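Subject: Structure for your files

Hello,

Here is the structure I promised to pass on. My notes on it follow below.

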Amino acid sequence: MTKITLFFSMLFITVACTTPTKPPQKAPAQKPHPLVVNKQAAKSTRPTKTFTLANGLKVMLVHNPKAVLSAAALNVAAGSYQEPGAYPGLAHFLEHMLFLGTEKYPKVGDYQLFIDKNGGSFNAATGVENTTYYFDVVDDAFAKAFDQFAHFFIAPTFNPKYVAREKNAVESEFINGRQHNGRREYHLSKLVACKDHVACRFSTGNSHTLRGVTREILISFYEKYYSADRMTLVIISKLPLAKQERFARALFSQVKRRKSAVVPVARQPLDASVMPAFVQIKPVGPRQKLDLYFQTPSPYQYWRLSPLGILGHVIGHEGQGSLHSVLKKEGLATSVSAGGRSQSMQGEFIVSMNLTAKGETDPKRVIEIFFAYFNLMKKQWEARGTFDELKKMAAIEFRFREPLEGGTKAQSLALDMRYYPGKDILRERSLLHVFSAKDLHTFFDAITPANMRAFYISPKSVTDKVEKIYNIKYSIRKMSDAEQKQFASATPLPGMHLPVTNPYIPSDVELVKGGQGTPEKVIDDARGVVWLMKDSEVHLPKGNLQLTLRTPAVMKSTRAKVLSFLYVRAFNVAHSEFLYLPKMAGLMFNVGSSREGIGISISGFTNKQSVLLAQISKRLRSLPLTPGEFDDVKNQALRDFGSFRFASALKQAANQMSELLNPDGLTLDELLSTLPTITLPELRRHAAHLFDVWSMEGVAYGNYKTQSVEKSLGQVFSILGGTRLPREKWHHDRSLQLAAGKRVYMTVARKVRNFGWLSDFQIGPRTFKTLALAQLLSNHLSGRFYNTMRTEKQLGYVVGAYPRRTDNALWMRFFIQSPRSNPQNSEKLVDAWLPTYLSRLKNLSLEDLKKYKKGLIAPNKAALVTMGEWAAYLYHAGIRLGGVWDYRAQRIKAIEAVTKEDLITFATNLFGSKTPRITVGVAPAGKKVTPLKSTKIRSRQRFQKQNTTRFPRRIDQKTK
């Protein structure tokens with residue numbers, strides 16, 4: 001996990017295991033942290049306004065003067081729970097239909113084209129009791145986009161032509177999810193012990209369940225549930241609140257308040273005849289997990305306490321004495337996650353564990369250890385100390401939060417308005433408020449063997465049933481009284497104890513004075529290069545540090561690449577107890593590998609960053625793993641990447657494309673064939689010598705002092721030792737460059753249910769000019785391509801086009817995933833469409849071209865407002881471009897310079913016969929695939945031997 005989020009509908013804390021060393025004991029007494037949080041944290045400082053329209057629709061407006069785009073979201077209190085039993089998936093189908101024309105804007109696709117033209121995005125999601133729609137767009141286009149958006153809820157047309165067609169899109173989405181283990185397991189989890197309740201139903205929908213749905217049925221459902229008093233609207237914009245309010249009142253006052261009475265959904269009674277249930281499931285691919293589900297009261301009425309957040313924090317803790325420490329010591333699990341799922345009628349607490357080979361053979365032992373830890377927690381719960389620590393950290397995070405913006409933020413707030421009662425939703429959803437031992441024990445009392453549904457997911461599962469919709473093989477039995485007694489009476493194991501005080505919670509949140517906002521090199525010598533930019537814009541006691549420890553050891557051979565990949569996984573497991581506490585204190589970090597070397601990134605409060613970096617550095621050369629722990633790490637990696645064989649057709653096509661065009665990369669076959677032969681002594685030797693020769697490259701942006709950064713980086717060199725790697729020997733990725741007119745393809749058979757087709761048109765070196773042309777073309781093209789292939793021709797649910805950027809090259813990518821259209825047919829349809837598209841492009845008005853330019857310029861022109869945005873700017877300008885600090889201005893200049901003739905010439909050449917093009921097709925095993933109109937790639941090795949030209953690097957720096 002990255003960090004704990006206390007108020008959210010789905011909370012999970014993902015952990016890796018460590019080794020306990022202490023006997024059962026109470027956690028040491030909690031000591032208060034020296035930081036006194038300013039009372040300012042008790043109030044939201046964002047200018048907001050909430051009100052209710054005469055029709056009952058609730059509105060929240062947020063003024064963010066630095067927002068790049070204006071955003072809006074609308075939540076409707078209607079989802080799959082409200083569907084008539086005869087039509088599973090109706091709510092989801094309705095969500096699709098609202099995008100397909102309204103009385104004021106009847107032309108299908110116009111909404112998407114307008115959003116694309118104005119630099120925005122949009123989406124929607126259907127849940128069990130809510131459906132949310134959102135968009136964002138440049139400020140000047142907000143009024144028009146908001147008008148189009150509002151008419152989804154004022155007067156949709158439900159065009160009969162698309163009522164029939166859109167069922168195919170829902171079917172395609174369903175087929176795409178049938179091989180997805182998460183969807184399969186979620187679907188089955190709803191069925192087990194569910195009796196005569198809406199929660200038991202299939203909610204996605206497919207062509208069979210929607211077969212009888214008519215336009216009249218859609219309208220009936222819409223008119224019953226899409227009532228103004230069941231809606232919440234959020235706007236986030238730099239537009240003044242008064243202007244936002246005028247927009248909201250003028251349009252959403254027109255939404256009708258329906259007279260139909262809606263009956264609240266009652267809590268789901270679990271079927272006592274199968275409770276507690278032990279369910280065995282056969283997964284898709286190599287997967288071995290144990291998930292424990294416990295139904296609880298709805299946590300929303302306990303929002304001041306956040307009981308599921310507290311439970312998730314303690315059960316999912318990674319420190320010494322935790323549940324996963326003991327599971328790791330016994331060799332039963334490699335990771336644990338714990339968290340809550342919330343609905344208005346009830347909640348659910350879920351504990352999920354990735355099992356080792358040993359744990360796979362003894363799931364009862366894993367359950368027993370879980371209850372041993374939980375029973376210890378109930379008995380020795382020092383709740384107020386843990387609550388106070390979480391409350392303090394939540395207040396610090398709230399006080400020093402970054403600005404809200406974007407459609408997804410608006411979507412989240414629109415959902416929160418449904419459940420949080422006060423006017424200051426931002427405060428209520430972010431803070432812990434009042435401790436209550438009584439309320440906490442209400443949730444403790446739900447975590448019992450009798451209330452448990454255990455899902456054992458393994459290829460070794462013994463099954464006797466088949467779920468019809470997803471074709472899931474499973475079995476179910478009621479656990480015996482003896483098993484329940486065994487779990488209920490489980491006693492603590494040696495080493496178990498509750499979490500201790502977190503020493504990484506910041507004690508100093510003062511801002512460094514004298515931030516100048518100009519980049520400086522704190523390292524520029526034989527050691528490497530590191531840029532520092534002191535914060536003068538965000539004004540938060542935080543920072544973002546990104547370092548690459550460039551070492552040739554990661555690229556010496558295929559085996560070295562695999563060792564480096566495994567090293568990172570092993571490092572995070574071996575040092576997980578140390579690594580966990582900083583994350584819980586708002587210090588997010590990552591240790592990863594790349595073809596350049598080992599990367600370290602740290603973000604969050606700067607107060608303890610230097611301490612953390614030094615501690616990480618001390619551990620980089622060591623892997624204190626037992627042989628059993630090493631085997632578990634390696635086997636988990638084999639399962640994770642072995643399961644990729646069962647990923648969607650397009651994911652596999654994209655991976656194949658990457659392997660073809662990047663000769664220096666590690667292929668999936670190389671990884672899976674080499675991993676089993678790696679030994680622990682070999683991996684330890686690799687770790688010990690990784691930094692024998694290395695140099696540093698990186699950036700730091702934020703609340704830093706120059707001397708402190710220099711000292712901190714100096715410590716890294718002192719701790720790791722080694723000699724420096726000359727800059728002329730630094731590795732730089734360079735993808736293959738195809739010769740003019742070269743068209744090649746590869747088709748592969750995989751265990752998939754859909755066909756996948758993916759084609760990259762080679763644009764050439766990435767310059768400011770080519771990037772501007774490609775992005776403008778994409779914004780004009782993508783919506784039209786989607787509307788034709790997905791909406792009109794109904795090829796599939798996953799369809800798109802966009803410019804794909806690498807460090808040194810640019811491509812235009814088209815893709816289609818379809819249950820019906822094989823790669824040859826998809827390519828044939830696209831090739832036939834492109835000339836038609838070019839004729840449309842020639843009709844582009846100069847006024848519309850200006851709008852496309854404005855939508856593309858907006859994010860480049862807008863002020864950077866978050867630490868992450870500034871760090872990304874610094875990294876791209878300083879590291880990728882070698883000090884081109886005005887690259888945003890140069891992008892704007894390149895966009896402004898594009899003429900209509902430039903764009904037409906660019907597109908004509910791109911889609912002409914001389915443009916190099918590489919295509920990957922994926923087909924279900926056993927399906928015949930006819931050749932595409934290009935040269936077949938027989939093997940990756942032969943292709944790369946025949947094509948050795950690579951793009952030069954850092955084109956932007958040389959060609960401006």
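Helices (H or I, at least four residues) and strands (E, at least two) are DSSP runs, numbered from the N terminus, and two strands count as paired if DSSP finds at least two bridges between them. Axes are lines fitted to C-alpha atoms, for helices over the stretch in contact, and angles run from 0 to 180 degrees between N-to-C directions.

S15 pairs with strand S16 (residues 528-534) in the antiparallel sense, over five bridges. Within this pairing, lysine 521 has tryptophan 531 in S16 as its bridge partner. Contact means heavy atoms within 4.5 Å.

This is a predicted model, in which local features need pLDDT of at least 70 and side-chain atom pairs count only at pLDDT 80 or more, while totals for chains, interfaces and linings use all residues. Residues are numbered from 1 along each chain as its sequence is written, and side-chain values use heavy atoms, with hydrogens and water left out.

Another open sheet of six strands, also with mixed pairing, has the order S23-S24-S22-S25-S21-S26. Its edge strands, S23 (798-805) and S26 (935-936), each pair on one side only. Strands S21 (residues 743-750) and S25 (residues 917-924) run parallel and are joined by eight bridges, with threonine 747 opposite glycine 921 in S25. Helix H26 (residues 823-841) lies across S21, strand S22 (755-765), strand S24 (809-818) and S25, at about 45 degrees to S22.

Strand S8 (residues 277-281) has five of its five residues buried, so the rest of the structure largely encloses it. Buried means under 20% relative accessible area, exposed over 50%, and partly exposed in between (1.4 Å probe, protein chains only). Ala277, Val279 and Ile281 are buried on one side of S8, and Phe278 and Gln280 on the other. S8 pairs with strand S12 (residues 452-457) in the parallel sense over five bridges, and valine 279 is opposite phenylalanine 455. Five bridges also join S8 to strand S14 (residues 472-478), which runs antiparallel to it; there, isoleucine 281 has tyrosine 474 as its bridge partner.

Helix H4 (residues 160-177) and helix H25 (768-792) pack at about 90 degrees with their axes 9 Å apart. They are therefore roughly perpendicular, a label for angles of 65 to 115 degrees. On H4, Lys161, Tyr162, Arg165, Glu166 and Ala169 meet Arg790, Thr791 and Glu792 of H25.

For the whole protein, the count is 32 helices and 26 strands. Buried residues make up 61% of the 960 residues.

Regards

Note on methods:
Angles under 35 degrees count as roughly parallel, over 145 as roughly antiparallel, 65 to 115 as roughly perpendicular and the rest as oblique.
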